Amino acid sequence: MIFVDSGAWIALLDQRDQFHDRSVRFQGELRRGAHGRLVTTDYVLDEAVTYLRLHATGDAVREFRRILEESESVQVVWTPPDRFWEAWNRLQERNDKRWSLTDCLSFVTMEALGIRSAFGFDSDFRQAGFDLLPTTAG
């Protein structure tokens, strides 16, 4: 399994994004099943949709929903209250980091599911001890 962060969704759907080409190339690996099932959360979807609605051109939000509804390889994890509060606690415990609540929710979800790698471009995942893909090369 690989966790998909909002930055990856945005880069895939917004051709003007600085990471668009890298994310499209990496998507080829994902389509071949190189990293297993794609996992994301409701909070990541919220972040991505909000960004796309405000900044992307065309019909990126509609395309995003189509991808999510038609994909058999994407699993959306809905946040239960206990995981939400665990993420909030993590946020408060790590005042030395500039992590968002959504970041912390991603981290605790990944830990709960045993996921070690994230598809994205946010170095906070590395700070939290996860592998971030695609690597900086390319």
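Arginine 65 is exposed, at 57% relative accessible area (buried means under 20%, exposed over 50%, partly exposed in between, with a 1.4 Å probe and protein chains only). Its salt-bridge partner is glutamate 69. The model is predicted: local features need pLDDT of at least 70, side-chain atom pairs count only at pLDDT 80 or more, and totals for chains, interfaces and linings use all residues. Residues are numbered from 1 along each chain as its sequence is written, and side-chain values use heavy atoms, with hydrogens and water left out.

**Salt bridges**

- The structure has eight salt bridges (a side-chain nitrogen of Lys or Arg within 4 Å of a carboxyl oxygen of Asp or Glu).
- Side chains of opposite charge can pair when their charged atoms come close.
- Arginine 65 and glutamate 69 meet at 2.7 Å, N to O.
- Both residues sit in helix H4 (residues 60-70), four residues apart, about one turn of the helix (helices are DSSP runs of H or I, at least four residues; strands are runs of E, at least two; both are numbered from the N terminus).
- Glutamate 69 is also exposed, at 55% relative accessible area.
- Aspartate 96 forms a salt bridge with arginine 94 at 2.9 Å, N to O.
- Aspartate 96 also meets lysine 97, at 3.8 Å, N to O.
- Aspartate 96 is exposed at 54%; arginine 94 is partly exposed at 30%; lysine 97 is partly exposed at 25%.

**Sheet**

- Five strands form an open sheet in the order S3-S2-S1-S4-S5, with parallel pairing (two strands pair if DSSP finds at least two bridges between them).
- Strands S3 (74-77) and S5 (131-133) are the edges; each has a single partner strand, so one side of each lacks a neighbour in the sheet.
- From one strand to the next, the twist averages 35 degrees (axes are lines fitted to C-alpha atoms, for helices over the stretch in contact; angles run from 0 to 180 degrees between N-to-C directions).
- Strand S4 (residues 117-119) pairs with S5 in the parallel sense over three bridges.
- Serine 117 has aspartate 131 in S5 as its bridge partner.

**Helices on the sheet**

- Helix H1 (residues 6-13) lies across S1 (2-4), S2 (38-41), S3 and S4, at about 65 degrees to S1.
- Helix H3 (residues 42-55) packs on the sheet and touches S1, S2 and S3 (contact means heavy atoms within 4.5 Å).
- The direction of H3 makes about 80 degrees with that of S2.
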